[in-house]
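Me: I would like to go through this model term by term, asking on what grounds each word is used. Please set each value against its definition before you conclude.

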There are 2 protein chains.
Amino acid sequence: MADDLCRVDFEPVGKRVDVPAGTTLLEAARAAGVELASVCGGHGHCGRCRLAVLAGAVSGQTEADRSFLSASELAAGQRLACQARLESHVRVHVPPASLVTSQRLQVAGEAARLAGDVAEDVDATVRGWQVEAPAPSLADHRADFDRVCAALAEQHGLTGLTAGPSVLRQLSPLARRTGWRLTAYLRGTEVAGFAAPGRAPVGLAVDLGTTKIAGYLADLETGTELAAAGIMNPQIAYGEDVIARLAHAVREPGGAERLAAAARTAIDSLAGALAADAGIARDQIVAACIVGNTAMHHLLLGLPVRQLATSPFVPATARPLEVPAADLGLELAPGASVLLPPCVSGFVGADHVAMVLAAGLDRAGLDRAVPDQAGLDRAVLDRAGLDQPGHVAIGLDIGTNTEIALSRRGTLTSASCASGPAFEGAHIRHGMRAADGAIEGVRLARAQRGELLVAELRVVGGGKPTGICGSGIVDAIAELHRTGLLNARGRLVRDAPGVRRGRDGLEVLLAPAAETGNGADIVVTQGDVDEIQLAKGAIAAGVRALVAATGTDPAEVGEVIVAGAFGTYLNLDSALDIGLLPRFPNAAYRQVGNAAGAGARAVLLSAAERARAERIAERISYVELTTFPGFQRLFAHAMRFSELPASEPQLGEPQASELQASEPQNDTTGG
Amino acid sequence: MADDLCRVDFEPVGKRVDVPAGTTLLEAARAAGVELASVCGGHGHCGRCRLAVLAGAVSGQTEADRSFLSASELAAGQRLACQARLESHVRVHVPPASLVTSQRLQVAGEAARLAGDVAEDVDATVRGWQVEAPAPSLADHRADFDRVCAALAEQHGLTGLTAGPSVLRQLSPLARRTGWRLTAYLRGTEVAGFAAPGRAPVGLAVDLGTTKIAGYLADLETGTELAAAGIMNPQIAYGEDVIARLAHAVREPGGAERLAAAARTAIDSLAGALAADAGIARDQIVAACIVGNTAMHHLLLGLPVRQLATSPFVPATARPLEVPAADLGLELAPGASVLLPPCVSGFVGADHVAMVLAAGLDRAGLDRAVPDQAGLDRAVLDRAGLDQPGHVAIGLDIGTNTEIALSRRGTLTSASCASGPAFEGAHIRHGMRAADGAIEGVRLARAQRGELLVAELRVVGGGKPTGICGSGIVDAIAELHRTGLLNARGRLVRDAPGVRRGRDGLEVLLAPAAETGNGADIVVTQGDVDEIQLAKGAIAAGVRALVAATGTDPAEVGEVIVAGAFGTYLNLDSALDIGLLPRFPNAAYRQVGNAAGAGARAVLLSAAERARAERIAERISYVELTTFPGFQRLFAHAMRFSELPASEPQLGEPQASELQASEPQNDTTGG
């Protein structure tokens, strides 16, 4: 039935699609809007898109199926969706762990409580003006726009106004409906749109993450938040990390266009949902600010990414952009524009700039008293030769790519390290995103006779567990180490009580099949530990390398700010215990939520913050860690599962010749 | 065969199309790209789309067929294309008179020789800069655009540059192809595009006429004209005049979009043809200027036209616009913008402003010596109380809508009158456009025995005549009047030698069937005379009303400038003889070609001329002639076929209360 359509029913999500025979179940899921997890983009390399075929026929098992699924799983009809091609109508079951739609989305940013909180004065670039104009007549046959401009001049002293065709398209019919009483939205002297009388101008801030998209609506006159929501980034269907997406854009015909369309459609839908939630009309949204990493930024704008995907990984542009919303397919006010704050480098994007802004890293130790400063050892300051009280602050946003900024004596240095998707649950045997059913917290204990007791499992949503998410695996590994089941080199201790031999080697049982939501044991394997070891080693080494590259004495570090969704739910004690974050002797550690989103909101609401974001990008020096001398040594050391000092005694001070921090490259002399 | 496709072969144009049975031949012609004339847009009201069915079956004759075609024509297979629906494969013959593609297009404008010639200094808003940047490396990982900006800063001192996504899309691959040697086109601080090294910036000027589109390419650095060409406006398929087009846009679903697409596609094709002709790349075209009447302007931009089509006929905007070329579907440099100079009112558009500029009407009698001034009677100036030597200049662009401007003592007043499409050959028995085979000049004489002799027929292309175009009919009517066959009231003189009784009343034979290209007599009928009488009456009355409305003494008029294609080929003596133009005692009459196109080129090449165009639009007062008291009397008087004095003795001076000239409405106070 090669020419026939096959119907696919997805359970329990209740979606259905008809696709040609020969289509893979992964493609069918995309067509049906079922967001299956897929790290590798459908090449059978990640094993994340597993589902169970309940009825109907699909193509035979492949090597990929057999490498990721056990014989019993295969016997039970489980398959990788990317490997199974339709041969008839089928009914499939999608386990929660394979779905990305239900993930907990963290949208709140604690901007107001951040050390470097943003300007309180709302000073948005778009304002609304109420105006009433006379209707045209044979005696007064001025053009529609000219008469409204004359009224704005007369009633508000506004002159020299311009409007593009899309705004003019809106005006003529609207004015006749409202009897020539209007709200005019002005961005400088340009009309961004018209609306019925009394409609406040609204702005949209978006943190376009590789995995999640967080959106906020704010009243541009008062700064009041009107709505906030998060959705998954649908680009995830084409690869779960930046590298897979760039590869899709570069290699697949039409790939870049598909990725751009996916992001644009998602943001447009999010805008619609937020507007409905806030009870406003879409055409009240007169301005937007979108931050994302450099790849997300380029893919959204349709900029070339070939040079971003290959060494030396340069962006097409790192400068701030302001583009018509319509050019990005966003149905906002007809003349609305979208501000895209500057990026820094191929791996340090506008989201990092926004994080630095919201966290106040650019101001640390400079023009204001830092609350945490009291904790800083005066002797350290003296020893470092600082001529003023001040402190070093470090901010990091942990994700599949982790960006780190270090602020010291007025300089900003940033680095990026590929920490991989392990904290998102990828490459973890029972890993899943932080969706309902995910174990997010673990406490272990030993019973009197020495055997392991799982003292506490905290599960997202409160039901039975079906897998384990990033913060859960960090917690579990810290507990395994604390209870002696995991040694400092990262090996599970053979024959220790609670360590058993599993399919692929040693493992520890966290939840037996009888107590889980999917009737299967949930375990932490040696392989899982290895994945986390690599990820946490990369982050810790990145932080320490940045400290070394900037000539910072670890004792100077007064503040470590952990931003982002994973960072928010992370148990900081566990993170320090396993050396995911180095322990700085004088540092306060704070989790600040979605700082990138908070930064985007600040830029949206204030021209001063917008200018500040540009200055931040200009000031940041980017350090390429992979070429930083001694990085491999730091990395090897950071793989240890133990509390990690901020520097290794044997590493010593870096040689001046080893410093690879480049000068700021976004300086103003070139533009 | 209702569900089948019918093949239509169009001869002699050699085009073929397959369309569903039931399609009209007019629709099939559109689908095949055969541009059949159609005034009424396919409703059987104009009779222009006639063709002959040579083979195959079409639906039966309609009332419309019978009202426009004689029994012998019908018997020979002639049909109106809009009435005949396909019932089988057919082969049709399209007579030249029904085709609009071969029309003579007048693109030359005598800007340089105009009294008010334009600025000679080229001062275009876009310039090209040669730049060479270092390639990226691990040690220099600046973004592509940032490095080019730094190079432009270093090599030319250019700073603060910006570029939109479309330009950035172009840069990354181009720079890698050219080894980082580039031409950068800058409009102010905005990059309009990049090109290979050594490519001069080029501009496109377009006169978007209701019937014709004239285009010019010019080197923006030297002002040199690189190419010029004209094509038909394909919107003509949806109605030949502005009123029919507006009706199509307002009434037909998707009509406005179709009209916009037709104009945009035509201009884009024209740009491609001009670029090929000039041997330049399309992405060297970094700026464009398009002028047209207000309806063409609105339809091109997709602006609302409902309010333009109904009283009081107001534009959506009359202000100048600058829009991205890509928004109009023009494939030029990626950041190219299109300048649309201001309009004045619903019936006085940017083409009129461009004509006033190119003809120098805004400067007449002001800041320069007028060559023709010597002919002005000094006594008249004194009597009029003028305190300085100066003169009144009148400019008019004759078309289906005729716009007239009068410049007097520093004021500009414009009016518009609906002169109809008779001068384009519509509603004339053997009327046709000025294509090959059109009689464009006529001289009559009487033989010794008193019978009429056709002394001379001038035919476009030099072959046998197939019809008569606008200048031909004006010539013919002037000759009929001169030779006594037509009286001053516009009636053919019954029983005069040469006047015969035809199918629809009296007529005069210009070319017997044996001497014509289509084997049929070519005649001028009483009906033809009636059409021309209405058209020329409207124009002459418009000029005289404008003279009266501005309180001008006809003796003050020193210059009458006739612009436009018809105006270029018109025999001025004939036009004055039949009173198409009033005869002013002290005026020089000049034909200046496509002054609107010349004005568009001037604005394209010079920021000063662009500012001047805006001042002209602000200064022009629009007079609504239909409400001007006494206009009907003027119109009735102007219908006479005789030389027309500039004013009627009995009309006298207009009362001040009759003056309907409105104040300039595009003043700067509102914007």
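Me: What makes the 6 strands of chain A an open sheet, and in which order do they run?

Reply: In this predicted model, in which local features need pLDDT of at least 70, side-chain atom pairs count only at pLDDT 80 or more and totals for chains, interfaces and linings use all residues, the order is 25-24-15-16-17-26 with mixed pairing. Strands are DSSP runs of E with at least two residues, helices are runs of H or I with at least four, both numbered from the N terminus, and two strands pair if DSSP finds at least two bridges between them. Strand 25 (588-593) and strand 26 (620-623) of chain A each pair on one side only, and they are the edge strands. Residues are numbered from 1 along each chain as its sequence is written, chains are lettered from A and ligands numbered from 1 in the order in which they are written, and side-chain values use heavy atoms, with hydrogens and water left out.

Me: How do you know that strand 16 and strand 17 of chain A pair, and in which sense?

Reply: Strand 16 (residues 401-408) and strand 17 (residues 411-418) of chain A share 8 bridges, to be set against the required at least two, so they count as paired, and the sense is antiparallel. Within this pair, Thr402(A) stands opposite Cys417(A).

Me: Which strands does helix 13 of chain A touch, and at what angle does it run to strand 16?

Reply: Helix 13 (residues 526-549) of chain A packs on the sheet and touches strand 15, strand 16, strand 17 and strand 26, where contact means heavy atoms within 4.5 Å. Its direction makes about 25 degrees with that of strand 16, on a scale from 0 to 180 degrees between N-to-C directions of lines fitted to C-alpha atoms, for helices over the stretch in contact.

Me: Why are the two copies said to be related as by a two-fold rotation axis?

Reply: Chain A can be laid on chain B by a turn of 180 degrees and a shift of 0.1 Å along the axis, with an RMSD of 0.2 Å, after least-squares superposition on the C-alpha atoms of residues with pLDDT of at least 70 in both. The two copies are therefore related as by a two-fold rotation axis.
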